[in-house]
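Here's a quick briefing on one protein chain, meant for reading with the model open beside you. Have a look at the structure first, then come back for the notes.

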Amino acid sequence: MKIRKNLSDADMFRGMEEEESFETAVLTDDSRSRKFRKNSAAVKKEAEAMMLPPEAQEKLNRCLLEVSMDWLKDKGGDVDWKVVRDGMSIIIKPAPAKKKVRL
């Protein structure tokens with residue numbers, strides 16, 4: 001069979017049918033859309049539950065991420081967050097995570 005030039009993928013595979021194999025049986029498209037991110041309604045509900053404006057929440061998340069990364073670089077272990085209220089201030093401090101005992 002001679003291969004013709006300048007054909008699209010659809011033209012090249014026209015009339016071809018793939019045989020059923022393990023890979024094709026397992027990896028078939030089941031036509032279900034999978035959502036890896038939360039839908040916007042759930043995100044809005046969580047944001048409203050925090051009672052913070054979006055800019056403040058974004059800044060808080062960024063600061064927590066930066067402190068977490070610094071903690072991992074310096075201490076090299078998991079981190080737990082201690083939340084303390086001091087009058088009108090809220091202080092969030094990193095602390096070493098307690099090791100869980102596996103049975």
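Let's start with helix 4, where the buried residues (buried means under 20% relative accessible area, exposed over 50%, partly exposed in between, with a 1.4 Å probe and protein chains only) are Q57, S68 and W71. They cover an arc of only 60 degrees around the axis, so they sit on the same side of helix 4; the arc is that of the directions from the helix axis to the C-beta atoms. Keep in mind that this is a predicted model, in which local features need pLDDT of at least 70, side-chain atom pairs count only at pLDDT 80 or more, and totals for chains, interfaces and linings use all residues. Residues are numbered from 1 along each chain as its sequence is written, and side-chain values use heavy atoms, with hydrogens and water left out.

**The chain overall**
- The protein chain has four helices and two strands; helices (H or I, at least four residues) and strands (E, at least two) are DSSP runs, numbered from the N terminus.
- Reading from the N terminus, the order of elements is α-α-α-α-β-β.
- Take the contacts (heavy atoms within 4.5 Å) between residues at least 6 apart in sequence: 12% of them join residues at least 24 apart.
- The protein chain's accessible surface (Shrake-Rupley method, 1.4 Å probe; for residues, only the protein chains shown count as cover) is about 10800 Å², and carbon and sulfur atoms account for 55% of that.

**More on helix 4**
- Helix 4 covers residues 54-74, 21 residues in total, and spans 30 Å from its first C-alpha to its last, close to the 30 Å expected at 1.5 Å a residue; the expected span is 1.5 Å times one less than the number of residues.
- After helix 4 comes G76, with a positive phi near 75 degrees.

- S68, in helix 4, has a relative accessible area of 17%, so it counts as buried.
- Beyond its neighbours within four places in sequence, S68 is in contact with V79 and W81.
- V79 belongs to strand 1 and, not counting residues up to four places away in sequence, touches S68, W71, P94, A95 and A97.
- The C-alpha atoms of V79 and P94 are 6.1 Å apart, though 15 residues separate the two in sequence.
- W81 is also found in strand 1, and at 31% relative accessibility W81 is partly exposed.

**A nonpolar patch**
- V67, W81, V83, I90 and I92 make a nonpolar surface patch of about 440 Å².
- Strand 1 (79-86) and strand 2 (89-96) are the elements that give two or more residues to this patch.
- Patches are made of residues with over 30% relative accessible area and no salt bridge, with like charges joined within 9 Å and nonpolar side chains (Val, Leu, Ile, Met, Phe, Trp, Tyr) within 5 Å.

**Salt bridges**
- The count is two salt bridges, each being a side-chain nitrogen of Lys or Arg within 4 Å of a carboxyl oxygen of Asp or Glu.
- One pairs D11 with R14 at 2.8 Å, N to O; D11 is partly exposed at 31%, while R14 is exposed at 61%.
- R62 pairs with E58, their closest N and O atoms being 3.2 Å apart.
- Because R62 and E58 are four residues apart in helix 4, about one helical turn separates them.
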